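Subject: Structure handover

Hello,

Here is the structure we discussed. Please have a look at it first; my notes follow below.

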Amino acid sequence: MSKNTPIQSIPILDFSLFETDPTAFLSQLKRASRDVGFFYLSGHGIPQSLIDDVLASSRRFFALPEADKLEIEMVNSPHFRGYNRVGQELTKGQRDWREQIDIGSEAPAIPFGKDQPAWTRLQGPNLWPRALPELKPILLEWQSELTKLAERLLKAFAVALEQDRNVFETIYAGQPNHLIKIIRYPGRDATGSEQGVGAHKDSGFLTLLLQEKQKGLEVEAEDGRWIEAEPREGTFVVNIGELLELVTDGYLKATVHRVVTPPAGTDRLSVAFFLGAPFDAEVPLLDLPSHLKAQAGGITRDPQNPLFRNSGQNTLKSRLRSHPDVAARHHADLVAAQTRAEVVSAA
Ligand SMILES: O=C(O)CCC(=O)C(=O)O
Ligand SMILES: [Fe+2]
């Protein structure tokens, strides 16, 4: 961490440089993801036409009559998929003033059974709105394109960390585990609250965030100031999740961020893609070369938020906390067990 030079802004990285001048790109990547934990990514190769389709169909979904949206309400899904009304999701126990759809990997549900690990309940079908059939094909293409982009980024991280470029293969090989959230933050007049989403770190490996036009995302700097990550056309905001921090023993940084409710009379649209690890994976702890190890700060342990090396257990912990209505209706038996879980030792 560069203690002497607190960050002022979020750096912009051009991924096409990885092909033309890998040494320069990797040094920018290391710096950005170690000092800040956040960067803009341009030159990513995702077609603008697909980006436009995703944003336009997301807008059309939120404009549907409420009854059409409630048809796919998340509380109907034991797998935490579907629509949440404004104020239904919690961050650290406080309401987030946003409406959203959660879309995960498409896979058949695993029948519940005593001998199954609890995370198997996370796997299952998505809920798609009947009133907007275009959403499914567009979002499935988005899943596939963003998974490939995240895989390319993880390979760049592997090389930057002086590992075999396939060291993260367990994360993206087979059926990768990802979650898309399509989010709309209503303006202050509609919410009466500042909290679009409360301050948090992302729990997976990598997050790729598409922002429409309205700002609101803020990143916490070392000195406690909040730095705006306003939308920049043609870019994604990329940030490190807690699992990538864990596997690098804190060399890469999961940074706290939040979204502030947009001004009265406006709203804000964003589409987040979270790459996790397959639910049955144990995340690898990397053996960094000594000169990198010397700069690894260790992970931040929070007794209120234990980190598990098992990906499914980790995801389930986050989902049960964020969606108490789904937890109460479908997983009451797990809620008590959750609190007895142990903090992982990264040693
Ligand atoms: O909507 C955004 O800009 C960010 C949302 C976010 O941080 C999250 O859902 O984890
Ligand atoms: Fe986040």
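A118 is in the loop between β6 (99-104) and α5; helices (H or I, at least four residues) and strands (E, at least two) are DSSP runs, numbered from the N terminus.

Ground rules first. This is a predicted model: local features need pLDDT of at least 70, side-chain atom pairs count only at pLDDT 80 or more, and totals for chains, interfaces and linings use all residues. Residues are numbered from 1 along each chain as its sequence is written, while chains are lettered from A and ligands numbered from 1 in the order in which they are written.

Back to A118. It counts as partly exposed because it has 17 C-beta neighbours inside 10 Å (buried means 20 or more other C-beta atoms within 10 Å, exposed 12 or fewer, partly exposed in between; C-beta atoms are placed from the backbone). Beyond four places in sequence, A118 is in contact with L316 and L334 (contact: C-beta atoms, placed from the backbone, within 7 Å). E89 is 29 residues from A118 in sequence and 22 Å away in space, C-alpha to C-alpha.

**Sheet**
Eight strands form an open sheet with mixed pairing, in the order β1-β2-β12-β9-β14-β7-β6-β3 (strands pair if DSSP finds at least two bridges between them). From one strand to the next, the twist averages 25°. β3 pairs with β6 in the antiparallel sense, over three bridges. There, G82 stands opposite D102 in β6.

**Helices on the sheet**
Helix α2 (residues 22-36) lies across β1, β2 (38-42) and β12 (236-240), at about 145° to β2. Angles run from 0 to 180 degrees between N-to-C directions, with axes fitted to C-alpha atoms, for helices over the stretch in contact. Helix α3 (residues 48-62) packs on the sheet and touches β6, β7, β9 and β14; its direction makes about 120° with that of β14.

**Core**
The largest nonpolar core has 75 residues (buried Ala, Val, Leu, Ile, Met, Phe, Trp, Tyr and Cys, joined through C-beta atoms within 7 Å). Helix α5 (residues 135-160) gives the most to this core: ten residues. F39, I180, L206 and L208 have the most contacts inside the core. Leaving out residues up to four places away in sequence, L206 touches A150, L153, L154, V238, I240, G241, L244 and L275.

**Ligand 1**
Residues around ligand 1 include K181, D202, Q211, H257 and S270 (near: C-beta atom, placed from the backbone, within 6 Å). β7 (178-186), β9 (206-211), β13 (257-260) and β14 (267-275) each give two or more residues to this shell.

Best wishes

Note on methods: Two residues are in contact if their C-beta atoms, placed from the backbone, lie within 7 Å.
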